[in-house]
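Trainee: I would like to go through this model step by step. Please keep to what can be computed from it.

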Amino acid sequence: MATVHLRIGDLVWGKLGRYPPWPGKVVSPPKDLKKPRGKKCHFVKFFGTEDHAWIKVEQLKPYHPHKEEMIKINKGKRFQQAVDAVEDFLKKKEKQGGKEQSSEGKGDSKGKKTPTKPLKILEEDDEDLSALKDPSEKDLTDSDPEPSSVERLGALGTTGPVSGFKWESSPASSMEPISKRLKIVEEDTRSTSIQAADSTAINGSITPTDKRIGFLGLGLMGSGIVSNLLKMGHVVTVWNRTVEKVPQDIQHCDLFIQEGARLGRTPAEVVSMCDITFSCVSDPKAARDLVLGPSGVLQGIRPGKCYVEMSTVDPGTITELSQVISSRGGRFLEAPVAGSQQVSNEGMLVILAAGDRTVYEDCSSCFQAMGKTSFFLGEVGNAARMMLILNMVQGSFMATIAEGLTLAQATGQSQHTFLDILSQGQMASTFVDQKCQNILQGNFKPDYYLKHIQKDLRLAISMGDTANHPTPMAAAANEVYKRAKALDQSDNDMSAVYRAYIH
């Protein structure tokens, strides 16, 4: 393949990992940024985004010769906005007396001359790019497009393979974007992970699926998920099981309707109206009732309908639900989520999926809207098992932190000093800091219900019994949460386990 020689200021199509080609401009990297070791690449600023990346030369093509071809192939809204941003840039440049850039161009965005020979590619040691500050303030000119209506690069506005345009194959890790790291990992356990350090970078560029989405359950987690689905342009029909009984839930649904959601009268109606229906409820009983109860999900299932169970339940319940959905010709996926109300609202959940792989793929834009990472873990039941293990660890850890705080107080030590020391050590985390601060402030507004973490501990212990595996730490923590529930802390945040130690 012939090498394309590019210069600073050239407009290009850059291929970032598994995503389709995206319009960009070769720019000068910050002075303190070295090229990745062993890679012949250029530093590219993507149009319509805040993103920059080192991109290998074989993943770059000149903009103008391939423009029409790319426009025919890619139809996404974000993609078109990026192309429009390129055209705006060219018009501005022309008004300023410059000329359109190409591999033969002679002017940059300020109308200054650029070298006539190709930019020399230096071979230097690779550095950790994630440690650098956003270079946008250093290398962007006043002529670079920054339209507020165009959001940041992520899913790049299109999905699926791009045909008719030959690129050299290259792993996603061969290009390192500064404002985000995106990677696809295939592990020996046949799990698949799609990860990004900055969910906003992905979410801003989502092309929503054209499938109709249903969502059942508008609790702490479900509300944030639905809000993000709507923000990213999905067509969503909602239903909540308490809407007929609780006035504030009627108001809650009204808010989503104002944001563009539709309201279903029953779970069966939502499923019959939608292609993919998600549910997120409190426990195994609620999950079963939703599917098997009067006017339940099962009554709306037809061949091809997809049902995604996001509730944290036990593997037995998941297996049962999968079997009954499949018996009606439906397609089933479990996808419990790790996070809290705040994390859900921010679209930064971690999604653990298992079951029908094609449903997982159909849910791609939904998972990107609601989370920063999704894992596919194989057969039905694996996600439930993994979720219970994670929550078992989190619940036990929270109880231990509460125990440490109260022991500090009982021995005459400052709880604030304990937290300061903890925050400087190896256990420092946002979770520890937020929960401890809330405890010290007496703020137990629920971010993750105490009753739900106790339920998860109970289910994890039961799972351990089934596997003949001891769970003594979880069992001890479970008893503390049970005491907190007896003290009327069920509907408070999980950090209210602290009160079990002071009463």
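Trainee: How many helices and strands does the protein chain have?

Mentor: This is a predicted model, in which local features need pLDDT of at least 70 and side-chain atom pairs count only at pLDDT 80 or more, while totals for chains, interfaces and linings use all residues. Residues are numbered from 1 along each chain as its sequence is written, and side-chain values use heavy atoms, with hydrogens and water left out. Helices (H or I, at least four residues) and strands (E, at least two) are DSSP runs, numbered from the N terminus. On that basis the protein chain has 18 helices and 17 strands.

Trainee: What percentage of the residues in the protein chain is buried?

Mentor: Buried means under 20% relative accessible area, exposed over 50%, and partly exposed in between, with a 1.4 Å probe and protein chains only. Of the 503 residues in the protein chain, the buried share is 51%.

Trainee: Is D456 buried or exposed?

Mentor: D456 lies in helix α17, residues 450-466. Its relative accessibility is 0%, so D456 counts as buried.

Trainee: With which side chain does the side chain of D456 make a polar contact?

Mentor: Contact means heavy atoms within 4.5 Å. Leaving aside neighbours within four places in sequence, D456 is in contact with T312, L388, N391 and Y448. A polar contact is a pair of N or O atoms within 3.5 Å; within protein, one must be able to donate a hydrogen and the other to accept it, and residues adjacent in sequence count only if both atoms are side-chain atoms. At 2.7 Å, the partner side chain is that of Y448.

Trainee: What is the average pLDDT of the protein chain?

Mentor: pLDDT is the predictor's confidence in each residue, from 0 to 100. In the protein chain, 74% of the residues score at least 70, and the average is 79.

Trainee: How many contacts does the stretch of residues 168-191 have in the model, beyond near neighbours in sequence?

Mentor: Over residues 168-191 the pLDDT is below 50. Where pLDDT is low, the predicted coordinates should not be read in detail. With that caution, the number of contacts for residues 168-191 beyond near neighbours in sequence is 67.
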